[in-house]
Amino acid sequence: MEEQTDKTFTKNVSIVMALLVVFTIFIIFLARNLGHKEPVEDRPSREAAIQERINPVADVYTGEAGAAALEAAAASPVVERAIAFDGSLDGEMIYTSVCGVCHVTGAAGAPVPGQEAWLQRVDKGLDALTLSAINGLNAMPARGGRSDISDEQMKAAVEFMLQ
Ligand code: HEC
């Protein structure tokens, strides 16, 4: 009786082990077939992805190539500088929206048009006043702090201040 049980047990274990071996072989073949569908090197999308990853972030051009790159950049519309107020030459509008912050109230010691401190400067003339307003003067920031205001617009604003 005892021997019979041992035999059954050994037989069962052997069957289970045999099944496991078969299952393992099956898994190995399955895995090999799955991985072999497409040779990795041949995938064009992979090549493109690699190329994109190793692309230089920026280029430095010098000499002739540099001149050509600069020309191309200058010709590109993206680089075109935006001019304030769509290039409007409305001196009053420019003055009230930009210059007035200081020149209406006299903030930062700005001379208020019509007042003594301003009248002393009027003799400098339109061109000289415009030039110092473009370049800045002490607490007066260049172009009133708006680098996108053109020379002509600055002149129009100063003209309005002189009226
Ligand atoms: C941040 C304040 C501020 C803003 C904005 C500002 N100004 Fe002035 N501005 C000053 C001050 C301060 C002075 C006096 C500078 C000095 O003589 O020390 C001055 C002086 C001037 C003068 C006299 C320059 C001279 O030669 O005597 C002109 C002209 C002038 N500003 C024009 C403008 C115009 C035009 C704008 C707008 C585009 C403008 N300012 C915006 C502060 C400002």
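**Salt bridges, then the pocket**

I looked up salt bridges and found three in the structure. I counted a side-chain nitrogen of Lys or Arg within 4 Å of a carboxyl oxygen of Asp or Glu. One of them joins the side chains of Asp-127 and Lys-155, at 3.5 Å from N to O. This pair links distant parts of the chain: Asp-127 sits in helix α6, Lys-155 in helix α7, and 28 residues separate them. Helices here are DSSP runs (H or I, at least four residues), numbered from the N terminus.

A note on the source: this is a predicted model, where local features need pLDDT of at least 70 and side-chain atom pairs count only at pLDDT 80 or more, while totals for chains, interfaces and linings use all residues. Residues are numbered from 1 along each chain as its sequence is written, and side-chain values use heavy atoms, with hydrogens and water left out.

**Pocket**

Next I checked the largest pocket. Its volume is about 470 Å³. A pocket is an open set of points on a 1 Å grid over the protein atoms alone, where a 1.4 Å probe fits, with protein on both sides within 12 Å along at least five of seven lines. The volume is the space filled by probe spheres set on the points, which are joined across faces, edges and corners.

I listed 26 lining residues, with His-103, Ala-110, Pro-111, Leu-137 and Met-140 nearest the centre; lining means an atom within 4 Å of a point. Helices α4 (91-103), α5 (116-122), α6 (125-135) and α7 (151-162) each give two or more residues to this lining. The most come from α4, with five. I sorted the lining by class: 19 nonpolar, five polar and two charged. Gly counts as polar, and Cys, Tyr and Pro are among the nonpolar.

**Ligand**

Where does the ligand take up space? I found it in the largest pocket; the test is more than half of its atoms within 2 Å of the grid points. The elements giving two or more residues to its shell are α4, α5, α6 and α7.

I counted 24 residues around the ligand (a heavy atom within 4 Å), of which Cys-99, Cys-102, His-103, Ser-132 and Met-140 come nearest. By class the shell has 17 nonpolar, five polar and two charged residues.

Last, I looked up polar contacts (N or O atoms within 3.5 Å). A side-chain N or O atom of Ser-132 is 2.5 Å from a ligand oxygen. For Lys-124 the distance to a ligand oxygen is 2.7 Å. For Asn-138 it is 2.8 Å.

How values were computed: Polar contact = N/O pair within 3.5 Å; in protein donor to acceptor, adjacent residues only side chain to side chain.
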